[in-house]
Amino acid sequence: MPADIESMFSVRQMPWHEQGIVLADYPGSWAEARKLAGLDWDPITAPVYAVTGINPDGTEHYEPIDGWKSIARSDTGLVLSLNKDTYTVIDHGEMGEIVEAVLAQPGVKWETAGVIDSGRAVWCLAFLDEPITLPGDDSLTLPYLAITNRHDGTAACALRATAVRIVCANTFRAAELEGERTGTTFSFIHKSSWRNRIDEARQAVTGARKEMRRYAELATELLGIPISDKQRELFITQFIPMPPDGLVTDRVARNVEQARNAVRLLFQSTTTEQVAGTAYGLIQAAGEYLDHVRTARTWETRLNRTLMRPEPLKHRALALVREITNQ
């Protein structure tokens, strides 16, 4: 596999990137899911040393550096990051505590899990078996909880709500669409007190279900707003704007027009054509472009855009739709 994704599993469907193993059914336990995902190792800590002089035998003398430690893989010894000694590892076994807290709620199943960036980032995706069917769109919108963990010191272990259209894996969080925090993201900071948030994690399922209801209400509202060809073109040109005069080279102009044409073609795709004449269709086309058409340097970049981190351009898409339909 490419260096950015090391291992993963997906239930029943091969992911669009065609990597990882496909399972016929959901794993029966965290231990099983962990092994299938390639997470059967742990991040471990070790002192960080520096050369402080020369030994009598001529070899270099090392001393530990106060206040720092390294995070490495228990299986290969690969160093994943250097962090302050206040940094507490949340290893894959301890992630199971979070997993079990979520699985204690009814209707939660593990859909995907995996390892990217040589182990610096890992994730699991939990499926809440409550699909939503929107009027005029016979594809399913499925509620998920994403559990992400980073071992490079750049982010907390977190539980986030997300919505995935199964026909195209086009990810949107209702929180992003509304441009506000809904309280359904729970972060487990890499400090010794991280377990204090386990009780809050148990409420994530309830919060995600409430968020999905808000998503359904928003989507139904947008499905009821017809869009003319003129409004659609206005949305495309404002969503992918041309730079100011004086900054536009021939190459930039070509790139902008190619991007706009890519969005135009999405309205003819099987994933968008049913809703192409609605405000919701504009949102879906924008999301599909951002998640699957726009160039990404690595698979990790794409995963971050679609799942791990908020995508501000999706919020901008909704703001543009509001603006265009209110004119």
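**Close-up views of a predicted model**

**View 1. Arg12 is partly exposed, with a relative accessible area of 48%.** Buried stands for under 20%, exposed for over 50%, and partly exposed for what lies in between (1.4 Å probe, protein chains only). The model is predicted: local features need pLDDT of at least 70, side-chain atom pairs count only at pLDDT 80 or more, and totals for chains, interfaces and linings use all residues. Residues are numbered from 1 along each chain as its sequence is written, and side-chain values use heavy atoms, with hydrogens and water left out. Arg12 sits in the loop between β1 (5–11) and β2 (21–23). Strands (E, at least two residues) and helices (H or I, at least four) are DSSP runs, numbered from the N terminus. Arg12 is not a glycine, yet its phi is positive, about 70°. Most residues other than glycine have a negative phi.

View 2. Ser118 counts as partly exposed because its relative accessibility is 24%.

**View 3. Three strands form an open sheet in the order β3-β4-β5, with antiparallel pairing.** β3 (43–54) and β5 are the edge strands; each has a single partner strand, so one side of each lacks a neighbour in the sheet. On average, neighbouring strands are turned by 45° against each other, direction ignored. Axes here are lines fitted to C-alpha atoms, and angles between N-to-C directions run from 0 to 180 degrees. Five bridges join the antiparallel strands β4 and β5; pairing requires at least two DSSP bridges. Lys69 has Asn83 in β5 as its bridge partner.

**View 4. Ile65, Trp68, Val79 and Leu82 make a nonpolar surface patch.** Together they have about 350 Å² of accessible area, from the Shrake-Rupley method with a 1.4 Å probe. Patch members have over 30% relative accessible area and no salt bridge; nonpolar side chains (Val, Leu, Ile, Met, Phe, Trp, Tyr) are joined within 5 Å, like charges within 9 Å. A salt bridge puts a side-chain nitrogen of Lys or Arg within 4 Å of a carboxyl oxygen of Asp or Glu. β4 (60–73) and β5 (79–84) each supply at least two residues of the patch. Ile65 lies in β4 and is partly exposed at 32% relative accessibility.

**View 5. Helix α6 (residues 229–239) has Phe235, Ile236 and Phe239 as its buried residues.** Down the axis of α6 they fall within an arc of 95°, so they line one face. The arc is taken over directions from the helix axis to the C-beta atoms.
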